[in-house]
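Colleague: I would like to learn how to read a model like this one. Please take me through it feature by feature.

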Amino acid sequence: MNTMAYIVILAALSVQMLVAFPEPQCSNYDFQEKLLEKTVRMELHIELLEKENKELKNQQLLTQNNYNADLAALNARLGEIEAQILANSLNTEKRISDAADTLTERYTNGYCATNKIIFRAKLSKQSLPLTTQQIVVFDTVQDNVGNAYNADSGVFTSQLNGTYVFQFAIGNPTGKPGAMFLKKNSEGIDYAIAGHTSGWNIAGKTAFLYLEAGDTVYVVGEGHVAGTYGTDRHHSSFSGVLMHAC
């Protein structure tokens, strides 16, 4: 058998097979089954999405609740801080007011009244000759708050520990020189001289001293000391004041 005859036979057999076994067709049942399968899958997917959405909503609600709780706690804490600040402010104002009242009471009715010490004295005589190291008695007392200065002896006696300021002055005419020395418990502190040049000379000194209760301060002189001439011409004087008690 030649090649051409073989090809013809094969072609004939193929035609017969096509006739005996036609191409299968999809039935209505198969279509509905596939549609149902897709529908079921879609519903399952939708349920899954709804579940995820519900979980997201729950998570969002939980987050919102936590935020609200944290915000409420923060607001409460801020309220406590504001209340504490207000209480501290009121307490500070009260303490300042109490301190001011205490100071006012102390310095108007107590401290100043009991610790106020000041004196001022002058010589009543126009001229007073002195022997060496003689205590100058300033006998005319103009102020003596606290009674620490003794007009009979010319000695100031400290009643309180503290810082004091003392001043003394000497005035002399020409030809009558003299000197005055400020002393604390016989210790020389300072001195002034006058009467060594023409006309009237007036010299004065100021001293800051720390005294303890019982210490004495006074002025000694030598030569000549001029006192009061007329009404207001006080050539020689002695004064002191307590600046700070401690």
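Colleague: Where is Tyr 67 placed?

Modeller: Tyr 67 lies in helix H2, which covers residues 28–115. The model is predicted. Together with Leu 71, Leu 74, Leu 78, Ile 81 and Ile 85, Tyr 67 makes a nonpolar surface patch of about 550 Å².

Colleague: Which residues touch the most other members of the largest nonpolar core?

Modeller: A nonpolar core joins buried nonpolar residues through side-chain atoms within 4.5 Å. The largest one here has 28 residues, and Phe 138, Phe 156, Phe 166 and Phe 238 touch the most other members. Elements giving two or more residues to this core include strand E1 (118–122), strand E6 (162–172) and strand E13 (237–245). The most comes from E6, with 4 residues.

Colleague: How should I read the phi of Asn 147?

Modeller: Most residues other than glycine have a negative phi. Asn 147 is not a glycine, yet its phi is positive, about 55°. Asn 147 sits in the loop between strand E3 (140–145) and strand E4 (149–150).

Colleague: Why does Asn 147 count as exposed?

Modeller: Its relative accessibility is 63%, and exposed means over 50%.

Colleague: What about Asn 185?

Modeller: Asn 185 also has a positive phi, about 50°, and is found in the loop between E7 and E8. With a relative accessible area of 36%, Asn 185 is partly exposed.

How values were computed
Residues numbered from 1 in each chain as written. Predicted model: local features only at pLDDT ≥ 70, side-chain atom pairs only at ≥ 80, totals over all residues. Heavy atoms only, no water. Patch = residues over 30% accessible without salt bridge, like charges linked within 9 Å, V, L, I, M, F, W, Y side chains within 5 Å. Areas by Shrake-Rupley, 256 points an atom, 1.4 Å probe, with all protein chains shown as cover. Salt bridge = Lys/Arg side-chain N within 4 Å of Asp/Glu carboxyl O. Buried < 20%, exposed > 50% of the residue type's maximum accessible area, 1.4 Å probe, protein only.
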